[in-house]
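Here is a short briefing for a first look at this structure. Start with the sequence and the model, then read the points below.

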Amino acid sequence: MAVSTRVDLDRFNALGYLVIEDVLDAAEDIDPVVAEYEDLLDRLTHRWHAEGKLSDTFISLPFAKRFARVLQEVRDVNVMSHFDISLPFRGVTADNPIHLGPAVFRLLTNPRLLDVVEQFVGSEIYSNPIQHTRIKPPERDVPEALRASSLLAKTDWHQDQGVHLPEADDTDMLTVWLPITNATEENGCLCVIPGSHNEGLTIHCPTPGASIPAELLGGQPVNLPIRRGGALFLNRRTKHASLTNNSDGIRWSFDLRYHPIGQATGRPRFPGFVARSRANPASEIQNPEDWADLWRAARVRLAEIEDPGKFTRWTGTEPVCA
Ligand SMILES: O=C(O)CCC(=O)C(=O)O
Ligand SMILES: [Fe+2]
């Protein structure tokens with residue numbers, strides 16, 4: 001997308017979502033992220049093989065198949081901590097795995113991406129710490145015990161406002177969903193309910209994340225296949241989910257969030273940062289190591305806390321959750 005291309009905010013405001021193809025350049029912006037993860041998987045498979053956790057390094061397999069084999073042999077939902085760009089809600093340790101590589105930081109702060117984000121949230125842009133990478137192998141290759149994880153298998157219906165704390169209810173949070181592999185109906189693209197952002201916050205049930213029970217869903221879902229390089233932008237109240245990966249390959253995405261500087265993040269124990277400030281450029285974080293240090297410091301703080309408190313508002317006591 002050319003920098004001068006205008007985001008159709010009227011459409012976004014009417015529907016609660018917008019798909020824009022070619023926001024990123026696949027070779028320049030996405031390939032370095034893939035290379036960083038290939039290197040990570042290579043290091044992990046060698047380490048785990050040496051430790052006896054894996055029967056092989058699976059070095060001859062391409063990333064997708066290698067990742068699926070690792071899941072099958074390790075069979076531990078915490079495996080995903082090594083790849084995700086966030087920390088778990090509880091049980092964080094001082095050396096909790098998390099991926100904080102420079103290519104991911106460059107994706108978070110990609111100028112092409114921020115030029116588009118700026119049209120939604122203005123020129124003072126904060127990178128919210130509610131962020132994930134989701135690497136979803138074909139569902140049949142995901143061990144049964146791991147299928148409850150929306151990082152590895154399908155995501156249930158929710159609003160993003162439902163997965164943060166009420167402190168951020170007035171935050172103008174924009175979700176940016178970026179497919180690293182082409183997202184198709186077969187491999188588990190996202191689906192949304194157009195216009196659902198106008199209905200306020202719906203009850204979510206702890207599952208153990210937070211999801212909207214089927215009887216409260218309403219509306220007609222629309223599937224959103226998006227090519228790599230494209231992006232989906234979501235209002236924080238738009239109901240969305242992902243389809244199951246019924247393909248032979250992985251479905252890999254990043255979901256990032258941005259809002260104006262100074263607004264609450266909804267996850268106060270995790271570190272956000274100034275991604276762009278036209279008013280005060282010196283406040284921007286520009287060095288990947290500085291960003292990684294924010295997360296490392298948060299991890300040390302969390303490891304010292306007995307009870308990190310709640311991460312969502314839902315108690316499960318509503319009758320609809322019974
Ligand atoms: O990629 C997925 O499966 C879910 C993404 C999502 O819920 C989000 O981006 O807010
Ligand atoms: Fe979401």
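**Overall fold**

Among contacts in the protein chain between residues at least 6 apart in sequence, 80% join residues at least 24 apart. Two residues are in contact if their C-beta atoms, placed from the backbone, lie within 7 Å. This is a predicted model: local features need pLDDT of at least 70, side-chain atom pairs count only at pLDDT 80 or more, and totals for chains, interfaces and linings use all residues. Residues are numbered from 1 along each chain as its sequence is written, while chains are lettered from A and ligands numbered from 1 in the order in which they are written.

**The chain as a whole**

- The protein chain has six helices and nine strands. Helices (H or I, at least four residues) and strands (E, at least two) are DSSP runs, numbered from the N terminus.
- A compact globule of 322 residues would have a radius of gyration near 20 Å; the protein chain has 19 Å, which agrees. The radius is taken over C-alpha atoms, and the globule rule is 2.2 Å times the number of residues to the power 0.38.
- Along the principal axes, the C-alpha atoms fill a box of roughly 55 × 50 × 40 Å.
- Of the 322 residues, 38% are buried. Buried means that 20 or more other C-beta atoms lie within 10 Å of the residue's own; exposed means 12 or fewer, and partly exposed is in between, with C-beta atoms placed from the backbone.

**Helix H2**

- Helix H2 covers residues 26-50, and its 25 residues should span 36 Å at 1.5 Å a residue; the end C-alpha atoms are 34 Å apart, which agrees. The expected span is 1.5 Å times one less than the number of residues.
- Its buried residues are Asp29, Ile30, Val33, Tyr37, Leu41, Leu44 and Thr45. They pack against helix H3 (63-74), helix H4 (102-108) and helix H5 (111-121).
- Glu36 also lies in H2. Glu36 counts as partly exposed because it has 17 C-beta neighbours inside 10 Å.
- Leaving out residues up to four places away in sequence, Glu36 touches Gly101, Ala103 and Val104.
- Just after H2, Gly52 takes a positive phi of about 85°.

**The sheet**

- Six strands form an open antiparallel sheet, in the order E1-E6-E3-E8-E2-E9. Two strands pair if DSSP finds at least two bridges between them.
- Strand E1 (17-20) and strand E9 (273-277) stand at the edges with a single partner strand each, so one side of each has no neighbour in the sheet.
- Strand E2 (residues 124-136) and strand E8 (residues 251-260) run antiparallel, joined by nine bridges. His132 stands opposite Asp255 in E8.
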